[in-house]
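Here is a friendly walk through one model, written for someone who likes to check each contact in the viewer. Please keep the structure open while you read.

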Amino acid sequence: MLEIRHLSKVFFERNDPRRSGLVALHDISFQVQGNEFICLLGPSGCGKTTLIRIAAGLLRADKGEVLVNGRPVIAPGRDRCMVFQNFGLLPWRTVMENVEFGLEIEGGPREERRRICQKYIELVGLQGFESYFPHQISGGMQQRVGIARALSKEPDILLMDEPFGAVDAQTREQLQEELMKIWATTNNTVLFVTHSIDESIYLADRVIVMKPRPGRIREEVKIDLPRPRWAVDVRADPRFAQLRTRIRELLRG
Amino acid sequence: MQTTLDDQQALAELNLSRVRPFQLREYPGLIRLCSILLFLAIWEYYGRGVDPIFLSYPTAIARAAVQVTASGELGQQFLLSMKAFVIGFGSAIVLGIGVGLLMGRYRLAQYLLDPYMYAMDATPRVALIPLLLLWFGLGIWSKVAIVFLSGLFPILINTFSGVKTVSGSLVEIGQAYGAKEGQIFRKIIAPATLPFIMAGVRVGVGRAVVGIITAEMFTAVTGLGAMLIVYSSSFATDKLFVPIILLALLGVALTEVVKALQSWLAPWKESERAESE
Ligand SMILES: Nc1ncnc2c1ncn2[C@@H]1O[C@H](COP(=O)(O)OP(=O)(O)OP(=O)(O)O)[C@@H](O)[C@H]1O
Ligand SMILES: [Mg+2]
């Protein structure tokens, strides 16, 4: 379980607290249950990346705390894995070596590592591309590498920062569906950042709508669409349209 | 994969002509060879008419080359130069990369050492030769020192600024997966900096060759640089060309070695380059 408690973060000009500061996050609190899929939705600059980086343990909060299963987060840990907004691949490593990175850092036998990573490479549909370098594959494929790398560590909590932001609309829907299918088998807790309303409705159990300056939670919207959502065209469901209208109003007001 | 099959079929359907017309520019080796042969022929033709004290010509130089090689003089002097080069440049690589990585990663190391780095780099290395001769004598160690100092700074500065340009986001990937400082160094910073390091080594090689030849010309005791001084002062111009040509070949060979190392150590950069060409 992931719990965010009264989180605030200020960025000071040139990291100097004597200068003027920008409140990126202001008193954010919410809880994510085990196996729950949560989307953080909000306009650019409302602090989504900041929040997810604090949850990952990459950034310190100025007030409040993040708890994972009751324990405060102070550093990155093996219970949480991050999928980066800009893919976050290492250009000198092949697809296989990139996926292996997480387990390699942990140590452990090489063959074991290979076997696990091969499984996740197949799960995201990249078999045959193991020896390609990142710049030799498309953006959508690069992001699958990032996802496979995070999944290979079999984390309790998956932190995904706009993972599909940089791919085209068709690829995006395809990746969303694949993510849903993968999640149905792995059942991790997911905190998924996006600024696409449709994406958040399609994916989430709950959408947390944020607003900027300072970054706050505007409201939580429960998505009561049945799962699995790929079986029927859930985007054509009248309930989908209602939710879309509701969330759009929240973002506007 | 299925896709290759479809590509093949599509290719077969298009039924393109698979014959490639002859184009001279697709044979760069041939063009270069012709150019060199033509140059040598012209040099030979006009060179024979010039006073041999000022200019020699290819066949005379070849004869001189055979002579100095057969006497063992060339080989011996060449080895003396190379020995100092290998020791000096080897230590420049090790120290340049090591200190460069530290200075790039740790501010404390940077601020402690960068005044010396910039000051030393700005000082012309030739200016140090008399001092180094005074300290290390006429033997190999003064040459080692000059090679070391000539090669060190390009490598050090490139490594240092390479680490500085490694974006924070790459380091963050390591941190997000729980990498410790040592792992971040080995698995993120070192590979990310490698192209910069190799660029520094490439510049350093050139500077080091200049350094050693200058030092040898100064002392005129041993090495290829000494041969230059001895032959020129005895007006043996044909022989004088032998070490010059050997140095040119050495320069080309060293550059090629570094290039080969570059593509071996950083294959991802290699294929990026190939695509942008
Ligand atoms: N390292 C930093 N230093 C200074 N200011 C920062 C830093 N990181 C983020 N900010 C500021 O904090 C605010 C929130 O940034 P953040 O990246 O979290 O937004 P976001 O919601 O992820 O936006 P986007 O949808 O564009 O990715 C922005 O105004 C940004 O300028
Ligand atoms: Mg962001």
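## Salt bridges within chain A

In this predicted model, A:Arg115 and A:Glu112 join their side chains in a salt bridge, with N and O 3.3 Å apart. Both residues belong to helix H3 of chain A, where they sit 3 residues apart, about one turn of the helix. An α-helix has 3.6 residues a turn, so residues three or four places apart point the same way. A:Arg115 is exposed, at a relative accessible area of 53%, while A:Glu112 is partly exposed at 37%.

Another salt bridge pairs A:Arg206 with A:Glu220, and here the closest N and O atoms are 2.7 Å apart. A:Arg206 is in strand S9 (residues 206-211) and A:Glu220 in strand S10 (residues 216-222) of chain A, so this pair ties together parts that are 14 residues apart in sequence. A:Arg206 counts as buried, with 12% relative accessibility, and A:Glu220 as partly exposed, with 35%.

| Residue | Salt-bridge partner | N to O distance |
|---|---|---|
| A:Arg115 | A:Glu112 | 3.3 Å |
| A:Arg206 | A:Glu220 | 2.7 Å |
| A:Arg53 | B:Glu172 | 2.6 Å |

Salt bridges also join up into a network, made of A:Glu3, A:Arg5 and A:Glu65. Over all chains, the count comes to 28 salt bridges.

## Helix H2 of chain A

How many of the 12 residues of H2(A) are buried? The number is 10, so this helix is largely enclosed by the rest of the structure. Among the buried residues are A:Val95, A:Met96, A:Phe101, A:Leu103 and A:Ile105, along with A:Glu100 and A:Glu104. The cover over them includes helix H3 (110-123) and H4 of chain A, and also helix H8 (168-176) and helix H9 (181-219) of chain B.

Apart from residues up to four places away in sequence, A:Asn98 touches A:Leu89, A:Leu90, A:Arg93, A:Pro134, A:Val145 and A:Arg149. After H2(A) comes A:Gly107, which has a positive phi, near 90 degrees.

## Where chain A meets chain B

The contact between the chains involves 24 residues of chain A and 20 residues of chain B. About 2000 Å² is buried between them, and carbon and sulfur atoms give 67% of that area. On the chain A side, A:Trp92, A:Ile105 and A:His135 lose the most area to chain B, together 33% of what that side buries.

Across this interface there are 2 salt bridges and 6 residue pairs in polar contact. S6, H2 and helix H4 (139-152) of chain A each supply at least two residues of the side that touches chain B. H2(A) gives the largest share, 4 residues. By class, that side of chain A has 14 nonpolar, 5 polar and 5 charged residues.

A:Arg53 is found in helix H1 of chain A. Leaving out neighbours within four places in sequence, A:Arg53 is in contact with A:Leu58, A:Leu59, A:Met82 and B:Glu172.

## A magnesium site

Which residues coordinate the magnesium ion (ligand 2)? They are A:Thr49, through OG1, and A:Gln85, through OE1, at 1.8 to 2.7 Å. A:Thr49 lies in helix H1 (residues 48-56) and A:Gln85 in the loop between strand S6 (80-83) and helix H2 (95-106) of chain A, so the pair ties together parts that are 36 residues apart in sequence. A:Thr49 is partly exposed, at a relative accessible area of 29%, and A:Gln85 is partly exposed at 35%.

Terms used. Residues are numbered from 1 along each chain as its sequence is written. Chains are lettered from A and ligands numbered from 1 in the order in which they are written. This is a predicted model: local features need pLDDT of at least 70, side-chain atom pairs count only at pLDDT 80 or more; totals for chains, interfaces and linings use all residues. Side-chain values use heavy atoms; hydrogens and water are left out. Donors are N, O and S atoms within 2.8 Å of the metal (3.2 Å for Na, K and Ca); water is not among the atoms, so sites may look incomplete. Buried means under 20% relative accessible area, exposed over 50%, partly exposed in between (1.4 Å probe, protein chains only). Contact means heavy atoms within 4.5 Å. Buried area is the accessible area (1.4 Å probe) that two parts lose on being put together, summed over both. A salt bridge is a side-chain nitrogen of Lys or Arg within 4 Å of a carboxyl oxygen of Asp or Glu. A polar contact is a pair of N or O atoms within 3.5 Å; within protein, one must be able to donate a hydrogen and the other to accept it, and residues adjacent in sequence count only if both atoms are side-chain atoms. Ala, Val, Leu, Ile, Met, Phe, Trp, Tyr, Cys and Pro count as nonpolar, Asp, Glu, Lys and Arg as charged, and the others, Gly among them, as polar.
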